[in-house]
2 protein chains.
Amino acid sequence: MSEVKIIKDIKTIHNEIALLKKSGAITGFVPTMGFLHKGHTSLIEKSVKECDATVVSIFINPIQFGQAEDFNNYPRDTKRDYNIIRQTGAQYIFMPGESSMYGDNFKTTVSVKKLGKIMCGRYRPGHFDGVCTVVLKLFNIIGPDIAYFGQKDFQQLFIIKKMVEDLNININIKECPTVREEDGLAISSRNIYLSDIERENAPLLFKTLKAAAAMIKRKNTSIKKIKKTSLELLSGNCCIKSIDYFDFRNRSTLEEIKSLKNYFSREGRPGILIAAAIRMKSTRLIDNVVI
Amino acid sequence: MSEVKIIKDIKTIHNEIALLKKSGAITGFVPTMGFLHKGHTSLIEKSVKECDATVVSIFINPIQFGQAEDFNNYPRDTKRDYNIIRQTGAQYIFMPGESSMYGDNFKTTVSVKKLGKIMCGRYRPGHFDGVCTVVLKLFNIIGPDIAYFGQKDFQQLFIIKKMVEDLNININIKECPTVREEDGLAISSRNIYLSDIERENAPLLFKTLKAAAAMIKRKNTSIKKIKKTSLELLSGNCCIKSIDYFDFRNRSTLEEIKSLKNYFSREGRPGILIAAAIRMKSTRLIDNVVI
């Protein structure tokens with residue numbers, strides 16, 4: 001187990017990492033909102049393996065939460081996070097205060113148009129602007145060579161990659177596979193909100209996504225039919241209050257796929273993303289599969 | 001006269017400057033839209049004096065022009081620009097193509113809220129978003145230590161400084177005084193549009209701003225009266241078609257100043273910006289004075 005430096009000050013972490021980079025060290029970065037789980041540690045471990053130094057940030061970003069969302073109740077446990085990070089071999093924890101990230105007079109927004117309004121963006125207006133803005137700030141503060149993001153938040157990952165491309169940000173974005181519980185539930189900090197009965201029923205989301213993928217692979221059906229079957233499966237469950245979306249999209253563009261025709265007619269077809277968000281009484285769950 | 005390298009490729013300039021910086025060189029950057037004049041050369045010469053290497057970019061940024069504006073007619077003369085830059089001692093000209101800056105699928109916008117909607121922003125919707133987005137791109141491509149901007153575009157400079165602060169961009173922004181013709185007209189690439197009679201009358205803008213400043217200094221009057229006098233002076237001129245704005249603002253916040261009371265009641269009062277935009281038949285002129 002290595003020593004971990006906890007740094008709260010923006011200038012201090014910036015100068016420390018700049019010095020490291022000057023000496024030739026490759027720096028990896030894993031931005032988190034804390035309350036770390038196996039999904040996070042898989043990212044951190046990948047960075048530790050691939051980079052000379054790894055920075056994990058812990059910052060619950062207020063501007064990516066809607067007014068009716070769970071910013072105030074978002075789970076926090078810094079001691080636990082510290083112990084988890086220590087075991088990964090990461091060297092730095094960056095934990096800025098809210099007022100140092102957003103002064104009273106903060107005015108700038110980074111926005112990836114269109115992509116931020118579909119899927120989760122339809123149900124969380126402003127969410128992805130908040131994500132892009134804080135991620136760009138963190139990128140500028142840390143200045144990493146590589147940043148690691150999980151595929152569970154596929155849309156977030158996609159939007160960040162687009163922002164990096166559009167703004168000529170010189171950081172390599174690595175996407176890492178979703179980490180799951182044994183029963184298939186995608187691991188998320190928000191799973192802690194689930195009641196026993198909800199937790200028992202939550203794996204249905206991934207099961208339904210997998211079933212939809214299997215139906216596509218069998219080829220003898222349509223998107224419309226697969227979607228109908230999937231929605232029936234989910235809405236019949238006692239714990240699922242509502243379904244925000246269950247979408248079939250081109251994984252390279254996030255454009256909606258209305259027909260499978262073009263996906264089986266020629267070589268080199270783009271992959272399909274099936275992504276969904278459902279609401280249980282206690283929390284909202286998202287997940288996806290890529291074929 | 002030194003050699004100037006003209007680089008059109010984004011990766012090439014990025015890697016070249018990154019290498020320079022690794023060797024410890026301080027890099028200065030002057031973003032321009034070309035058709036250089038004494039205002040630009042004053043910025044470039046300052047950078048050459050203060051930095052080990054200076055990059056001048058020439059890029060007429062389409063996304064900062066409105067649909068009815070002069071993007072297509074904006075003056076261009078690359079050979080002339082090249083000769084001017086060569087005489088300043090700058091080492092690099094970065095001249096990217098439009099398609100390499102904005103691919104078909106470009107989607108990201110950087111926006112400094114509120115500040116982009118007042119003054120020139122009211123008359124050029126989207127203009128400052130376009131400016132911020134291209135400036136951030138250029139900053140990321142070049143990665144300079146210092147960037148130089150002129151005070152003639154006071155609002156632009158102010159917004160860029162705010163963006164740099166908000167997004168934790170590690171670049172020192174230096175503001176440089178407006179360069180003027182002998183008769184006081186602020187030098188601008190767009191002055192070339194002026195007809196003889198318009199050119200003759202154009203210095204009235206600066207004269208009126210100076211007169212307003214003098215009235216403030218004399219103290220025995222009100223903003224309302226000074227504004228009325230100034231507007232009368234301008235609107236009585238044969239060449240001035242309309243006045244977009246003639247504003248009195250706190251130079252540290254850009255908040256509008258409605259009364260001079262607080263500006264003479266105590267020590268340490270913030271400076272006052274008087275900024276205006278007028279339209280002649282051939283073009284729009286902006287200028288400002290700071291007290």
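Guide: Start with B:F35, in the loop between β2 (27–32) and α2 (38–50) of chain B. The model is predicted.

Visitor: What makes B:F35 count as buried or exposed?

Guide: Count the C-beta atoms around it. A residue is buried if 20 or more others lie within 10 Å of its own. B:F35 has 20 other C-beta atoms within 10 Å, so B:F35 is buried.

Visitor: What about A:F35?

Guide: A:F35 also has a positive phi, about 50°, without being a glycine. A:F35 is found in the loop between β2 (27–32) and α2 (38–50) of chain A.

Visitor: Why is A:F35 called buried?

Guide: The cut-off is 20 or more. A:F35 has 20 C-beta neighbours inside 10 Å, so A:F35 counts as buried. Across chain A, 40% of the 291 residues count as buried.

Visitor: How do you know whether the radius of gyration of chain A agrees with that of a compact globule?

Guide: Set the value against the rule. With 291 residues, a compact globule would have a radius of gyration near 19 Å. Chain A has 20 Å, which agrees. The C-alpha trace of chain A spans about 60 × 45 × 40 Å along its principal axes. Chain A has 11 helices and 10 strands.

Visitor: Which helices of chain B pack at about 55°?

Guide: Helix α6 (residues 127–142) of chain B and helix α7 (residues 154–166) of chain B, with their axes 10 Å apart.

Visitor: Which residues make the contact of α6(B) with α7(B)?

Guide: From α6(B) come B:F128, B:V131, B:C132, B:V135 and B:L136. From α7(B) come B:Q156, B:I159, B:I160 and B:M163. By class, the contact has 8 nonpolar, 1 polar and no charged residues.

Visitor: How many residues of chain A are in contact with chain B?

Guide: 23 residues of chain A, in contact with 23 residues of chain B. β5(A) gives the largest share of the chain A side, 5 residues. By class, that side has 10 nonpolar, 7 polar and 6 charged residues.

Notes:
Residues are numbered from 1 along each chain as its sequence is written. Chains are lettered from A and ligands numbered from 1 in the order in which they are written. This is a predicted model: local features need pLDDT of at least 70, side-chain atom pairs count only at pLDDT 80 or more; totals for chains, interfaces and linings use all residues. Axes are lines fitted to C-alpha atoms, for helices over the stretch in contact, and angles run from 0 to 180 degrees between N-to-C directions. Helices (H or I, at least four residues) and strands (E, at least two) are DSSP runs, numbered from the N terminus. Two residues are in contact if their C-beta atoms, placed from the backbone, lie within 7 Å. Ala, Val, Leu, Ile, Met, Phe, Trp, Tyr, Cys and Pro count as nonpolar, Asp, Glu, Lys and Arg as charged, and the others, Gly among them, as polar. The radius of gyration is taken over C-alpha atoms; the globule rule is 2.2 Å times the number of residues to the power 0.38. A residue is buried if 20 or more other C-beta atoms lie within 10 Å of its own, exposed if 12 or fewer, and partly exposed in between; C-beta atoms are placed from the backbone.
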